[in-house]
Amino acid sequence: MTDTALKSEPADYVVPHHPVRDFLTGSVASIGITFILVLAVGLFWVGPKFVSFGNVSIMGTFLIVPLIVGAFAGFALLSGVVDLSIGSMVGFSSAIFALLLSMGWDPFSAAAVTLAFCLFFGAINAVAIVGFGAEPIAATLGMLVALRGITWVLLGTQGAIFAFNIELFNLVSTQVFGLPLFFLLAIGLTLLAALVVTRTRIGRHVQAVGGDDKAAARAGISVKRVRAGALLLSAFGAGLGGIVFAGQLGSAARATGLGLEFQVYAALMIGGYSILRGGVGNPVGGALGLLAVAGVSNILDLLAISPYYVNIIVGLLLLAAVLLDRLRGGDAFE
Amino acid sequence: MSVNQALDTAPAAAPLKVRFGGLGTGLILAAVWIALIVATGLYRPDFFAQQTLLAVAFTMSIVGVLAIGQGIIGMSGSFIDLSQPAGLIGASLVAVRLSEAGLPFPIVILGAILTGMLWGGFNALIIVFAKLNPVIVTLATNFIGLAALYLVFQLAQVPLNSDIYVFGRQSWLGLPAIFWPMLALVLIVGFLAPRTRYGRRMIAVGGNRAAAKARGISLRATRFATFIIAGGFVGFAAVLFAGTAGPFNPSSANTLQLNIIAGVILAGISLSGGRGNFWMLLLSIGFLSTIPTSLVFFGLSSDTQSIFQGIILIIAVSIDGYRALRRTP
């Protein structure tokens, strides 16, 4: 970049456009390569069992909630705010949903009320961050803790609410072509989110706000509205994830959603998002990040290696991903 | 922000508003803290007891020392050190192993502090040479560090009746022994930070990196120094932690993190750097440490504690953000 600026020849004011090169050096390509690498290591080390329908189906079942949560939380990251409260929001949502089911509500109205509650807490995040200019990491950290407290109070001394609904369970664990239906739906949701981000006006507005909020404001985009909307979407996604979680487990417990925010954001950052600057990342990359991390932990699981190595590998991948993001034009920290 | 800060000379008389601006935070904090104490006391007169004082002072100690480290990181513009739990547990493990070897107490303390400094230096190494943001680096190193610690040990405890064990259970002048070093450190750091060359450099780098660099301050050296010093405080906190905690596992320190960050923000130490007074930590940490005891007296379960902590943090950062919005034209 600096070399071209130093040359004295006049610029021709045409933004160089190299779709192929951009794609190859872009965030999706690097996570794609990582993903293929994980696949190769899995095939080499574990054998064909690694990609068997049975094994992928197991991984997929565990990935449904993170994929849903990640697809929506990605919008917040893209708009330049990070919502750390998603893990607690999943726990809170599953607790409220299970509570309403155990009180005899039908699943649809229970889900609607649960999502309304989640949107309410998302709105508090939005007011604090967008309205008062609170630091997103610290404010949503507060929301994370507050929601966990509310969840634990809801769950009572027993620490769990049992609300097994056979129809819901059958729906959530339906298998299509040997894979969980909801896993395929979550993949579909990811692709839909990717379409929204790359092909619609809303998506471009979100990217513009995250990339440079001042420039976006000058271009007539309401930065506040976009960011508030993104935070609401993130809360909505976490609420949805919690409902699915409660449907899968038939209960809500104190540990539901605990630490999910780190799992999701580590994977999203490995997949090309950044929690420090908006405007970068793509839902497909984020989903591949989740799949890659799940693949790594599955390999270690199948080989009966201590699960703590997963965190070490995830940590190293995270550092590598942030370094890559910086080399691609992220802010260098001095 | 504080571009025209005198760095290596004593600061000229600041305008009254600036001088007493910091006092406002203190007055509000003190008022809220006193209100909490009075409210609890009116509801349950037996709140005013030696036992309460002991509990609050005890809670304050470890969080207070860690908050000094966090405050140094925040004030120097590195935002947050999320790897404090891993550093604390690592240093505590060293303290346990050294006391198991029967080494004298000063060596145990030194070992823990050096471990903390080493951890801080390791973080700084990645941050400075890869030029990555401290938040993500410390998030990742905390991941890696805690996992590595789990591979090394599952449960550890200082030997019964070793010096560190006795120290953790002693009380001096009616308060837990571990309270006094915390008080001394906060007072000393709060006194030195705006009055020494190194302290002012740290604040200058946090306030405005470009201006500090233009004045010839090495950003790299300052970054290294702040992380190593902050790590030293984590190491010392580990001595207090290991001496009092009983059996602990690598996850035992995770719950401390929120109180520390909330304490630093409530104290008015800006996470984006350059502003704050360490003495305010005594008020903010004191207030936050009174909440759990108060809730018990109000008959609320310990689960509600998180609700209050979370709401307080949201309000604190909203006020912090609102102030910053008003300051920038």
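Two residues are in contact here if their C-beta atoms, placed from the backbone, lie within 7 Å. Keep that in mind for what follows.

This is a predicted model: local features need pLDDT of at least 70, side-chain atom pairs count only at pLDDT 80 or more, and totals for chains, interfaces and linings use all residues. Residues are numbered from 1 along each chain as its sequence is written, while chains are lettered from A and ligands numbered from 1 in the order in which they are written.

Chain A to begin. Chain A has 15 helices and four strands. Those are DSSP runs, numbered from the N terminus: H or I with at least four residues for helices, E with at least two for strands. The C-alpha trace of chain A spans about 75 × 55 × 35 Å along its principal axes. Of the 334 residues of chain A, 52% count as buried. Buried means 20 or more other C-beta atoms within 10 Å of the residue's own; 12 or fewer is exposed, in between is partly exposed, and C-beta atoms are placed from the backbone. Among contacts in chain A with a separation of 6 or more, 77% join residues 24 or more positions apart.

Now one residue. A:Val90 is found in helix α5 of chain A, residues 86-102. It counts as buried, with 34 C-beta neighbours inside 10 Å. What does A:Val90 touch, not counting residues up to four places away in sequence? The list is A:Val65, A:Val69, A:Ala238, A:Gly241, A:Gly242, A:Phe245, A:Thr256, A:Gly257 and A:Leu260.

Next, a helix pair in chain A. Helix α4 (residues 53-78) and helix α12 (residues 223-249) of chain A pack at an angle of about 175°, their axes 7 Å apart. Axes are lines fitted to C-alpha atoms, for helices over the stretch in contact, and angles run from 0 to 180 degrees between N-to-C directions. So α4(A) is roughly antiparallel to α12(A). The cut-offs: under 35 degrees is roughly parallel, over 145 roughly antiparallel, 65 to 115 roughly perpendicular, the rest oblique. The contact includes A:Val65 and A:Val69 from α4(A), and A:Ala238, A:Gly241 and A:Phe245 from α12(A). By class, its residues are 17 nonpolar, three polar and no charged. Nonpolar covers Ala, Val, Leu, Ile, Met, Phe, Trp, Tyr, Cys and Pro; charged covers Asp, Glu, Lys and Arg; the others, Gly among them, are polar.

On to chain B. Chain B has 13 helices and two strands. Its radius of gyration is 20 Å, close to the 20 Å from the globule rule for 329 residues, so chain B is as compact as a globular protein of that length. Of those 329 residues, 52% count as buried.

Take helix α10 of chain B, residues 219-245. Its 27 residues should span 39 Å at 1.5 Å a residue, and the end C-alpha atoms are 37 Å apart, which agrees. The expected span is 1.5 Å times one less than the number of residues. In α10(B), 21 of the 27 residues are buried.

Last, the interface. The contact takes 41 residues from chain B and 35 residues from chain A. On the chain B side, α13(B) gives the largest share, 17 residues. That side has 28 nonpolar, nine polar and four charged residues.

Methods. The radius of gyration is taken over C-alpha atoms; the globule rule is 2.2 Å times the number of residues to the power 0.38.
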